[in-house]
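Here are my notes on this structure. Please read them with the model open beside you.

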Amino acid sequence: MTATLTPRTQDGRAQSGRARNGPTGRSGRRAAATATTPATLRTLMIVLVLLSLLWGAFGGWVASQHSSAASALTGVDEPLSLDARQMYASIADADVTITTAFLVSSAPQLAVLQHYQFDIAGASADLAKLQRGGASESQAANAALQTLVESLPVYTGYVADAESEYSLGFPLTGGSFLQVASEEAHLVLLPNANTVFTQENAALAAASSQATGLPTVIAALVLALVTAIVLLRAQRWLTRRTNRVFSAGLVLASLALLISVVWIAAGFLAARSNLDNGIDHGSSPAQSLAQASIKVQQIRGDAVLNVISRSGGTSFSTDFLTAKALVGPGSGSLLAAAAAAETGGSPAANLVAAAGQQATSWYTANGTVYTLGNASDYRHERDAVIGTQAGSSAAGYKVLEGDIESAIGDDQTTFENAASAGANALDPLEPVVITASLLMAIGSAWGLSRRLAEYR
Amino acid sequence: MAGIRRRDRLAVAAGLRTGVAALVVLAAAAACGTAASTSGASGAATSTGTSDAVTAASQEPAGTISETGSSLLYPLLADYWAPAFHAQFPSMTLKPAYTGSQTGIADASAGLVDIGASDAYLSSGDLVKNPTLLNIPLAISAQTVIYNLPSLPADKHVQLDGEVLAGIYNGTITTWDDKAIEKLNAGLALPPDPIVPVVRSDGSGDTFLFTSYLSTQDTTWNNAYGYGTTVKWPPVQREMAVKGSSKVLTTCENTVGCIAYNGISYLQGATSAGLGYAALDNFAGQPTTPTPTTIADAVASFVSITPPNETISMIDGPSTDGYPIVNFEYAIVSARQPDTAKASEIKAFLTWAITTGNGAQFLGHVEFEPLPPAVADLAKAQIAEIGS
C-alpha cells in the first residue's frame, strides 16, 4: 500500500479499497461512487459517533429526569404534601383544643394547654419545612406561606390575651379574645393552610406525571431506533463494500445500543408499573382521605364556632350537611373514592371502612349541636361539643379522625414502598445509557476507522 | 398588620361571597366622590389639593343610608343623629329602623340594609360566614336594671349582683323581700311584692349584655344557660317576654314588682315614669350606678387591649369604681359595598358619627359616652376599609 499505487481523488484522498481491488469494467456510476467511499466512511463514523453521544446525552437525560422525578416524589413532594396536611390539621386542632378547653373551664387543665402548645409547635415546624421545601415553585403557595408566617403569631397572641384575661378572672373578655383568635384561625390561617395543601398536591400530581410520563421516553426510543437503523445500514453497506462479514466495532456498538434500549425500556416499564401502583393504591386514596380529614376538621371547628357564637343568628347547620355529604361514605364522596382506591383486604381498606361507619354515627352526634343551638339550648349544645363520653361528638370525632389518620399512614407506606421500588428501577438507567453510548461511540469509531485505515 | 390581615380575610371572602344585593333604593346616581378621601376633585381647589378643600355640598356623597337593629341605639339615631347629619349634609339622609340587634346583624349580613346596629359584637360564626363584615363602635353605652317599686324612695337604689339577678331570673328568688336581696340592702325597706322578671322575646343585644353579666358573676348560670342575644330562659312564674326596649319600659311602668334590663338610653324615660334602677356590684364587689364617671372608668381599662377589629367584651371589668355592664354600640357594616357611591355615603356617616356625632349635644340625650380617642382611631381605621 504505497502512495504511488493508490489512486487519488481530486482532493487528494485515497480512493476506496473496493475501487482499487474491485473487478474491472464496472460502470462509471459505480466508479464514481467507489471514488467517495473513504469520505462516506468518515461521514458514517462522524454520524454514528454523534448519534451514539446523542443517545447517551438524551437517553441519559430522560433517564435522569424520570429518576429524579421519582426520587422527588418520595423525597420531596409526598413529604411536603404530608407536611401541608399536618399543618392544616395542627392549626384546626389547636383552635378546637383551646376553644373547647375554655368552654369546659376558665382554668383549663395543664395537659390541655400543652396539647394546644404542641399543635402550635407542630404547625410552626411544618410551616418552616414547607418554606424550606419546594413550595417556592408556586407563587400562590409562597404567598399563603408568608401570610401564615405573619398570622400565626397574631393568632397565638390573641389566644395568649384570652388566657391572660381568663386567669385574671375576666372570662367574658377572655371569651371575646378567643373569638377574635378563632376568627383569625378560620378566616386567615386555615384558608391559607388549605391553599398550601392544594398547591402541594398539585406539585405532587405534576411530579407523578413527570415520573411516569411517556413522551420523552418515546422520543428517546425513536432516537435509539434511528441510531439502530443507521448502525444496521452502515454494517450492510460495509459488508457490500468490503469483504468483511461484520465489523467488530459496529457489532459492539449495536450490542451496546440493544442492551441499553432493552434496559431502559424494561426499567422504565417496571418503574412505571410500580409508581402507578403506588399512586393508585397509596397516594390517590391518601389524597382523598386527606381532603376528608380537612372536611372533618371543618365540621368539628364549625360545631365549636356554633357554640361560642352567642350573638347573632348564624348557624353552620347547612355547611354541616354539605360537608358530611362530601366526606361520605355515600356515593361520590371522598371516603367512597378512598375505599375504591384501596387494595381490597389491606389494613388501609379496613380502616377506611371503619371510618365510613364511624362517620355515620358521628354525624348523628354532631347534628344535635345544631338542633340544640337553634333552640338556644346553650348548656346541652356546649355539652354536645365538649362532652367526652362514648357516643359524644368529641369522642366520635377523635375516633373518626384517628381512623382516617391511620389509613393515610398505611397508604403513605404503600406509596413510599412502591415509589421507592420505581425509583430504584430508574436509578441505574442513566449510567447504563451513558456507558452504552460511550461504547457505541468507541465501537463505531474503532470499527470504521479500521476500514478507513485500509485506504491509507 | 391589622390592615394586612383584613385584606387577607377579604381576599378569602371574595371567593366566598356572591355579592351584596342592594335592595335599598338609592338616590346615589349623582354621587361624585367622598368628602373624606377625594383630593383635588373640586374645580375650585387651588394649591392644596387636600380633602380640606372638598367641603362644598356639591362634592358630598348623596343618597339614603338605611339602618336597622338595636332598639337601644334607635333613639339616638332617629331623634338626634339623623336630623343633625341631614342638616349638615343635606344630600344624605339616614333612615333608621327599630328591630333588635340580632336583626341588625342579620340584615347587614344579607345586604338588606346599609348599616346594622348592635349592642353585641359580631360573633365568630357571623364573621366566618360573612368575612366582609366589620363591627365599628359608634359610642359607649351601659345597661340598667330597672324596677317598679313605688314604695322605695326615689333617691335610693336597690343593690343587686349577678348571683341575685340569676336567682331572680332562674326563679329561685321570687319576692322583693327575699333574704338574698335584703342581705345586699340593709336598711332598705323592701316590699314583699312578687318579682315580675321581664325579658326580651326578640334576639337582643340587651339580652346578650345582661346574660353576660349573669354568666360572669354566677358560674351556675353560665353553665346552665350561658349568654347570648337569645337564651333559653328557665321557666319562671310571672316572667314576661316582650319585644323591643320601648315595650320593656312600658311593661315595667305598668307592672308593680317588675324587674327588667334595658339600655341606658331609656333610663330618662324610666326615671320620669317613677321607676328605679339598681346599683350593680362590679368585679370588686362595689355597688355602682351608671354615671358618666363609672361608665368611663369601666371602659378605660379596656382601651389599651381593644383588638383592631374592636371585638371585646367589657362586662364586669377590672375597674374597682367602674359600672359592670358597659359596651360599645356597634355599626355592623360590610367592607364591600355594591358601589363606591354607597361606600362613600356610609363612610361619611360613620365618620361623622364618631366625631361630630360623639358630641355631648347628641350623646347626652341618651346617656351615652363618647368613644375614647384610641378606640375612635381603631374605628377610623375600620371605616377606611369600607370600599366597593
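**Notes on the two chains**

1. Start where the chains meet. Chain B brings 44 residues to the contact and chain A brings 36 residues. This is a predicted model.

2. Look next at the side of chain B that touches chain A. Five helices of chain B, α1 (2-16), α3 (101-110), α4 (124-129), α7 (205-217) and α8 (219-224), each supply at least two residues there. α4(B) gives the most, with six residues. By class, this side of chain B has 21 nonpolar, 16 polar and seven charged residues.

3. Now take α7(B) by itself. The helix has 13 residues and spans 18 Å from its first C-alpha to its last, close to the 18 Å expected. Of its 13 residues, 13 are buried.

4. Chain B is assigned two domains. Domain 1 covers 2-31 + 61-141 + 328-383, and domain 2 covers 143-303. Their centres, taken over C-alpha atoms, are 29 Å apart. Where they touch, domain 1 of chain B gives 22 residues and domain 2 of chain B gives 21 residues. On the domain 1 side, α2 (74-88), α3, β4 (133-147) and α14 (373-383) of chain B give two or more residues each. The largest share, three residues, comes from α3(B). That side has 11 nonpolar, eight polar and three charged residues.

5. How confident is the predictor in chain A? The average pLDDT of chain A is 82, and 90% of the residues score at least 70.

Definitions and conventions: Residues are numbered from 1 along each chain as its sequence is written. Chains are lettered from A and ligands numbered from 1 in the order in which they are written. This is a predicted model: local features need pLDDT of at least 70, side-chain atom pairs count only at pLDDT 80 or more; totals for chains, interfaces and linings use all residues. Two residues are in contact if their C-beta atoms, placed from the backbone, lie within 7 Å. Helices (H or I, at least four residues) and strands (E, at least two) are DSSP runs, numbered from the N terminus. Ala, Val, Leu, Ile, Met, Phe, Trp, Tyr, Cys and Pro count as nonpolar, Asp, Glu, Lys and Arg as charged, and the others, Gly among them, as polar. pLDDT is the predictor's confidence in each residue, from 0 to 100. The expected span of a helix is 1.5 Å times one less than its number of residues. A residue is buried if 20 or more other C-beta atoms lie within 10 Å of its own, exposed if 12 or fewer, and partly exposed in between; C-beta atoms are placed from the backbone. Domain bounds come from an automatic or database domain assignment.
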